[in-house]
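Trainee: I am new to this structure. Please take one part and walk me through it closely.

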Number of protein chains: 2
Amino acid sequence: MDEGRRRCREDTRQRILTAARRLFAEHGYDHVTVRLIAAEAEANIALINRYFGSKRELFAEVLAVQGRFPGVLDVPDEELPRRLAEYVAERLSTDRSSPVMEALVRSSSSPEIHGILRQRVSSAIMEPLVERLSGGDARLRAAIATALITGSGTLRLLYGPDAVEQPDREAVVARLEKIFRVCLEP
Amino acid sequence: MDEGRRRCREDTRQRILTAARRLFAEHGYDHVTVRLIAAEAEANIALINRYFGSKRELFAEVLAVQGRFPGVLDVPDEELPRRLAEYVAERLSTDRSSPVMEALVRSSSSPEIHGILRQRVSSAIMEPLVERLSGGDARLRAAIATALITGSGTLRLLYGPDAVEQPDREAVVARLEKIFRVCLEP
DNA sequence: GAAGGTAGTAGACGCCTGTTTACTTCGTCA
DNA sequence: TGACGAAGTAAACAGGCGTCTACTACCTTC
């Protein structure tokens, strides 16, 4: 560790943020204590409230970073169902998952941060999706797609990274693509 | 209150169970305290551990009751997609929802009860669905359907009982039915 | 009427929580 | 060299948690 930077405000802030991101993704809001974050960041507990105000605000900042999801939506209309299918399939049958998405799903039952979560889901998934969809019932179709995306997170949460024991990865993607197509078409 | 029955073990047990079911459905496992359950049940705290062993075991017993979900699956194959669609639509756009399903979604991020939740999801949704599905990839298709069902719960959790502001209820059901059809067909 | 068992109760136990206060350490500039 | 401000720290605060123990109230049976 760069001891010369130990007493640098911004460096410490970043260490806390990094530790919080990892821990919130792994255990969810309720089950991560500020003491645990401080220990992992090798920082003093009091600094968390000094730099972020409260545990809640730290969580908000963790979720506020530009996650991977916007990248998923940056494809031509024709490829969108396929892209969403790949995203969900990856979460359902591998151990790779976006830390932000993981933290979101693992924290969904903490009422005190519902506002933060709702805002993140709206701005990262729901609204961009609604804007892209043409035809009627855009909000409904976007909501169903969102439900499928978050639902795959819950399934993974309960059944582990290999929620779907499926040797044929292409079959998973293909099935999901068909579903997203039906979901997103006007 | 029937004062004559106040000192009846079975009666008290039932009051605790009823209170727990309501509270777990409303706030989830983590955010319900045994003191709260005891207060709502008008029973002493110590009786919860005496009659159920622990908070965890009480939760298990709440979830073990025959919920409404099995009824959803008791329709002919041809009507199944429609039935599932109605179930999800009801959760997405009304304030009616099964207490068991509600408790399940609201408690999904408590690792200490993941085993209980997984078992409930498996026995109430996943396995009955797999058994009904013919053709290949039955497990995969059942898993996707389950993800959509639990995902609608998460959406409702975040956005409230009117997660989908859709005046035309039939449009919601119709769209969901199409999706479930694609999901469940071989 | 005494004995025994069951239902219910009050209170404490030990631990953990997020947050705050009073303090020390250290680099920098006059 | 000494003062100042920023970074970091230890310890306590006030409260909550699930659990457990020692106790009382009451009904039943001899």
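Mentor: Let us begin with A:H114. Setting aside neighbours within four places in sequence, A:H114 is in contact with A:S108, A:S109, B:L157 and B:L158. Keep in mind that this is a predicted model. A:H114 sits in helix α8 of chain A, which covers residues 114–132. Is A:H114 buried or exposed? The relative accessible area of A:H114 is 11%. Buried means under 20%, so A:H114 counts as buried.

Now to a pair of helices in chain A. Helix α1 of chain A spans residues 9–27, and helix α7 of chain A spans residues 99–106. Their axes come within 7 Å and cross at roughly 50°. That angle makes α1(A) oblique to α7(A). The crossing of α1(A) and α7(A) is left-handed. Which residues meet there? From α1(A) come A:R21, A:F24, A:A25, A:E26 and A:H27. From α7(A) come A:P99, A:E102, A:A103 and A:R106. By type, the residues of this contact divide into 4 nonpolar, 1 polar and 4 charged.

Last, the cysteines. How many disulfides does the structure hold over all chains? The count is 0. A disulfide is a covalent bond between the sulfur atoms of two cysteines. Take A:C183. The closest cysteine sulfur to that of A:C183 is in B:C183, 12 Å away. A disulfide needs the two sulfur atoms within 2.5 Å, so the sulfur of A:C183 is too far from that of B:C183 for a bond. A:C183 is also buried, with a relative accessible area of 2%.

Note on methods: Residues are numbered from 1 along each chain as its sequence is written. Chains are lettered from A and ligands numbered from 1 in the order in which they are written. This is a predicted model: local features need pLDDT of at least 70, side-chain atom pairs count only at pLDDT 80 or more; totals for chains, interfaces and linings use all residues. Side-chain values use heavy atoms; hydrogens and water are left out. Helices (H or I, at least four residues) and strands (E, at least two) are DSSP runs, numbered from the N terminus. Buried means under 20% relative accessible area, exposed over 50%, partly exposed in between (1.4 Å probe, protein chains only). Contact means heavy atoms within 4.5 Å. Axes are lines fitted to C-alpha atoms, for helices over the stretch in contact, and angles run from 0 to 180 degrees between N-to-C directions. Angles under 35 degrees count as roughly parallel, over 145 as roughly antiparallel, 65 to 115 as roughly perpendicular and the rest as oblique. A crossing is left-handed if the near helix is turned anticlockwise from the far one by less than a right angle, and right-handed if clockwise. Ala, Val, Leu, Ile, Met, Phe, Trp, Tyr, Cys and Pro count as nonpolar, Asp, Glu, Lys and Arg as charged, and the others, Gly among them, as polar.
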